[in-house]
Amino acid sequence: MEGPLSKWTNMVHGWQYRWFKIENDTLLYYTSRDKMLKGQQRGQIRLNGAVVGIDGENNSLFTITVEGKTFHMQGRDLRERNQWVRILESSIRASSGYTKTNGSVGISPSQHFKQKTEEANDFLKTLVDKVKELEQLKSGERAHDEKKTIDSLIAATNNLTNNVKHAIIYLQMAQARLDPNMKTEKLIFVHPALDESIADMCITKKRAQQSSESSSTTTDFTQTTASGTKQPISGIQHLDHLKPQRAESYASSDEEEFYDADEELIDLDKFENEKGNPGTGDSLQRNDAAMMSSDEDGFDFGDSHEDFDEIYNNAEEHDIGNVQQEHGSVLMHLLSQVSVGMDLTKVTLPTFILERRSLLEMYADFFAHPDLFIATNGIDSAEKRMIAVVRYYLNAFYAARKSGVAKKPYNAILGETFRCRYTVPNSKLSGNTTEAGPWPGSDEKQLTFIAEQVSHHPPISAFYAEMPSEGISFNAHIYTKSSFLGLSIGVASIGEGILTLHNYGDEQYTITFPSGYGRSIMSTPWFEFGGKVKVACEKTGYYADIEFLTKPFFGGKPHRIQGSVYREGTRKPILTIRGEWNGVMYAKPVNGDEYTFVDVKSKPEVKKECVAVMQQGERESRRLWRHVTAALLRNRIQTATTSKRFIEQRQRNEAKERLENGEKWTPLLFETTDNEGEWVYKEKLGVRETL
């Protein structure tokens, strides 16, 4: 492909017209098409190992990042940009040696498995040949230091060769389990340098398995040393957990499925501690069986001593670190499975990027300043009420995304709920308690909150908050839709919230939400909001247009916002707002001086009150995710992954059972209305009083 694009050049700090052409694994560019025809090249960009990225807020820009350098390009419009992105992605995949897994290609998982095993065999042959070359090199006349260096290289290469040998055997045994009709004698590649004892042992083992009814559950992959003791081959304890399972991918059209990164299903911390324990195999077999049946009670997560309530009180999150350095293999696997612009709604990202709370609890943090929430009430002026609503709205985001770490909350499962309440600082409780609502028995001067995951496909969360004494409530539903942007992941929050002032004739303020972006996923990820939102009151005619500005490609600060508040029928704003959503925001009235509108760090968040974890229902967020949360806090990623998969497997089983019985899921707390996609709390203020 070839054609014109604009390229940002640092030399003149501006966009320059260039003619681009893709040739093999290189993107060549020229100052014009005529220069290309004359072979007068201006520069080139290597595509091997490159990553293409797009900006969720700009339809014409895209980037190419390779070897630590980022090149900024601009097409004429969305269509031209997408055309270049698709072609570049295909070229990068071809030149980088990985291709996107797609069922339409015609290669089955078993064939793909076999292909990779054959590639490993070829690699083994190369290693063996290299060892021979090094040994020949050593035999010549060499200085003592040179021979010592060669000896070290030979030792390291031999060690690598042995590991590859053993890995090939395990791959082939796994392949045999996936395809029971495959003959092991023909399966195992016996390289001249491969120990015959190991190959014979594996063949003998397979024959013994085929003749024993219990061979599928007990396999002793050990070899006997000269001292008569048994050792695991290549340091791997056993393969008992390697059972035929449903192949998992990063994307699928299945209605009720989850997909995970390529991570271990067992707790490796515990596995290391149990090495040499004769009971290890049986223990892990029971755990594996528990996994397949989604019986969480059959698994020991090693957290029986933990205080789950105290763990949830620890809200501090740590940076992921450099993803490329610490989780490169998982990242490259992800890149091989997705394409720029792809919907990630059904993609469950690796466990190490999870923060220790459910998505439903994150929504509760929007009310961590209950004093600002109720400050929208008790104001006679409609204009001032609108400004108070905007102040509360802009102050709410910092409490919800305080850490700034690019981690994502747990994906709430269908039927999951979260409930909490807040007490307004420096206020005295009334002594009157509620009989219904989010938390019956709470004081009428407390803010109570309830959330429920009402849909799985699409993933929709509904939540509701109220303070009866002030006659104020907030009802919202949000459908989160994730997209892969190359160097970023974008999450669009589709839906709206309605803040109701019941003491003003049910005066309602409709609110939309910004998108979220996880940036720099190839290095050290960070988070920002982006997009335009609106706050509008149909009854009074006041409205506000606010934009969360993403960090520009070239310099500039992140986390900025700008907005204006308008009166119906006027073009000139009555108030303009600027600043940073995670810092200080300033407001300027049409006839007045600028003043501090919101300082999100001036006051601490109010601590939410929750029922003790182990007294909650099984579907309440904190109890449901307690094992995952405890494991993440202790940095036991495999344990967290295992617990997460128990939860996901249970949801699959429940979905299958509903399908077989012809049943449809009905939410407990929320119901749909005549407005398409809207979910409303069944016992909201103003409704339950009339029942």
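The questions and answers below concern a helix pair and a sheet in a predicted model.

Residues are numbered from 1 along each chain as its sequence is written. Local features need pLDDT of at least 70, side-chain atom pairs count only at pLDDT 80 or more, and totals for chains, interfaces and linings use all residues, while side-chain values use heavy atoms, with hydrogens and water left out.

Biologist: Is α16 roughly parallel or roughly antiparallel to α17?

Modeller: Helices are DSSP runs of H or I with at least four residues, strands are E runs of at least two, and both are numbered from the N terminus. Helix α16 (residues 626–633) packs against helix α17 (residues 637–661) at about 165 degrees, with axes 8 Å apart. Axes are lines fitted to C-alpha atoms, for helices over the stretch in contact, and angles run from 0 to 180 degrees between N-to-C directions. Angles over 145 degrees count as roughly antiparallel, so α16 to α17 is roughly antiparallel.

Biologist: Which residues of α16 meet α17?

Modeller: Contact means heavy atoms within 4.5 Å. On the α17 side, the residues are I637, T639, A640, S643, K644 and I647.

Biologist: Which are the edge strands of the open sheet?

Modeller: Two strands pair if DSSP finds at least two bridges between them. The seven strands run in the order β4-β3-β2-β1-β7-β6-β5, with antiparallel pairing. Pairing on one side only marks the edge strands, β4 (43–46) and β5 (51–54).

Biologist: What is the bridge partner of Y29 in β4?

Modeller: Strand β3 (residues 26–30) pairs with β4 in the antiparallel sense over four bridges. In β4, the partner of Y29 is G43.

Note on methods. Angles under 35 degrees count as roughly parallel, over 145 as roughly antiparallel, 65 to 115 as roughly perpendicular and the rest as oblique.
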